[in-house]
Amino acid sequence: MKRNAFISGNDAVAEGVRLSRPHVIAAYPITPQTVAVERLSEMVEDGSLQSEFLHVESEHSALSACIGASAVGARTFTATSSQGLLYMAECLHYASGGRFPIVMMNANRSLALPWSIYGDHRDSLSQLDSGWIQVYVEDAQESLDMVIQSFALAENLDVLTPVMLNLDGFTLTHTYELVELPLQEEVDAFLPPFETPYKMDLDNPKNLAFSSQPSDNTEFKYQQHHAILHAKQVIRNIDSRFAQTFGRSYGGLVDAYRCEDAELIVISLGSTTGTCRVVADELRKEGWRVGVLKIRFMRPFPEEEIVKITRHARAIGVIDRDISFGFEGTVFTNVNSALSRGNTHIPTHNFIAGLGGRDISKESIRELFSTLKKISKTNDTEQNIVEFLNLNVATND
Amino acid sequence: MSNRPTVQHFNSPKHISDYPVGPAFRAGFLTSTNAGWRSERPVLVAERCTLCYQCYMYCPEATVFKITGAVDFDFDYCKGCGICAEVCAAKAITMIPEKR
């Protein structure tokens, strides 16, 4: 019988991992991911999860161990956050270039300096070009469900690419929610055992992870690019298959809320989206035509969906919990690129918010929609389009 | 050299699907020799060789082998580093300059 549990995002990830039955888990604890790793360690200890748990000495070793285990055909999982993600940055490219279908949880957290344990997206977005699929979830249930889906996606033979599952640090990792735990037999049917076709094997020895000359390197990169582009359709298929089995659909690459007739659309990642929806409902009652578009996957990037869903909007706001210093938020850059490819000319505005754990309040989302309304009326392109939301002090700008 | 991998011809891929998915391929598939940078070569005095295989264990390029009698070197891949001569307790290996 299905059962519900009142658990945190970290617990939900651990439950999702237990249901996915990885052979090997290698992880190093780091706030705010620690509880996920502790739970997994306990599950291995009490025998409810039959995995090798490797207590490694660093994040670099954690991902390296997963790469090695994946090379002999094991299903592998790791988890990290912030500085830990950067410490394994070298290995991120080894994992994606070697086409090792590793699944990793990343608890989104700010980067030093100033040192901060609180949330933003500067860690994962700085690794957008590492060749990993990146998904951002919004609540504990989606966290659990996306662990299972991430293995299905990474291990798809036309994808064979590692997946980074991003949860907002503290907001999701430490918030308790009622979560439905899927049945093991249903997960087993959804996610059958996997063996990579390119595994290290004594009967059929292979040279793995070799170097290449300039004459071949580009072709391997072309393959990676097309595998991740192909993942778009695989993500949609997995989402529908998951809905058939478990009764929950997350919309594939994006999740659009009240966007059909919306004049003003705000685009966000992760847990901020919930606050945006609440504000959108309030503003709708006041007669505003507003919508919320959540980007679930940053890679592959849902350019077709963004162009299609926003095509009737009069102004688009993008919330970035990051900034590429000296230019703009990275989500904003990606959205603008998609809109420009789609030949749309809707004014866009970038809201830098929630850095280092600063709260993104309902009031600030209201302020954001007011700015969008102004832009939609004046079509003023002169103003500064990269705006820090909720600065606590006056500035000279 | 029957127990050595041989150089084989590799058919260059014509289509992207001819490539393996990621850098993974059958092991021991040598497509070229690689010894052009050698300035010294090991020479063995077979009578002194005790077949202790320290040279075999230490050779970083796996170029030491034995078919019959004493050990031998695969000069298609030996880079002339001299580690074999250094580790040979019987002093059976000396390094001599390559003449070009």
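Asn207 of chain A stands opposite Phe25 of chain B, which lies in β1(B). This is a predicted model, in which local features need pLDDT of at least 70, side-chain atom pairs count only at pLDDT 80 or more, and totals for chains, interfaces and linings use all residues. Residues are numbered from 1 along each chain as its sequence is written, while chains are lettered from A and ligands numbered from 1 in the order in which they are written. Helices (H or I, at least four residues) and strands (E, at least two) are DSSP runs, numbered from the N terminus.

**Contact between the chains**

- Chain A gives 16 residues to the contact and chain B gives ten, where residues are in contact if their C-beta atoms, placed from the backbone, lie within 7 Å.
- On the chain B side that touches chain A, eight residues are nonpolar, one is polar and one is charged.
- In these classes, Ala, Val, Leu, Ile, Met, Phe, Trp, Tyr, Cys and Pro count as nonpolar, Asp, Glu, Lys and Arg as charged, and the others, Gly among them, as polar.

**The sheet of chain A**

- Seven strands of chain A form an open sheet with mixed pairing, in the order β3-β2-β4-β5-β7-β6-β13.
- The edges are β3 (52-55) and β13 (297-299) of chain A; each has a single partner strand, so one side of each is left without a neighbour in the sheet.
- From one strand to the next, the twist averages 20°.
- Helix α3(A) (residues 59-71) lies across β2 (24-27), β3 and β4 of chain A and runs at about 165° to β4(A); axes are lines fitted to C-alpha atoms, for helices over the stretch in contact, and angles run from 0 to 180 degrees between N-to-C directions.

**Strand β5(A) and its partners**

- Strands β4 (residues 76-80) and β5 (residues 103-108) of chain A run parallel and are joined by four bridges.
- Opposite Ala79(A) stands Met105(A) of β5(A), and opposite Thr80(A) stands Asn106(A) of β5(A).
- Six bridges join β5(A) to the parallel strand β7(A) (residues 163-168), where Val163(A) is the bridge partner of Val103(A).
- Both faces of β5(A) are covered, with Val103(A), Met105(A) and Ala107(A) buried on one side and Met104(A), Asn106(A) and Asn108(A) buried on the other.
- A residue is buried if 20 or more other C-beta atoms lie within 10 Å of its own, exposed if 12 or fewer, and partly exposed in between, with C-beta atoms placed from the backbone.

**Helix α9(A)**

- The 33 residues of α9(A) (residues 214-246) should span 48 Å at 1.5 Å a residue, and the end C-alpha atoms are 47 Å apart, which agrees; the expected span is 1.5 Å times one less than the number of residues.
- At Lys232(A) the helix α9(A) bends by about 35°, the bend being the angle between axes fitted to the seven residues ending there and the seven starting there.
- Buried residues of α9(A) include Ala227(A), Ile228(A), Ala231(A) and Phe242(A).
- Their cover includes β6 (133-136), α7 (140-154), α8 (184-190) and β13 of chain A.
- Gly247(A) follows α9(A) and has a positive phi, near 80°.

**Helix α2(A)**

- Val35(A), Ala36(A), Val37(A), Arg39(A) and Leu40(A) are buried in α2(A).
- Gly47(A), with a positive phi near 85°, follows α2(A).

How values were computed: Contact = placed C-beta atoms within 7 Å. Pairing = 2+ DSSP bridges.
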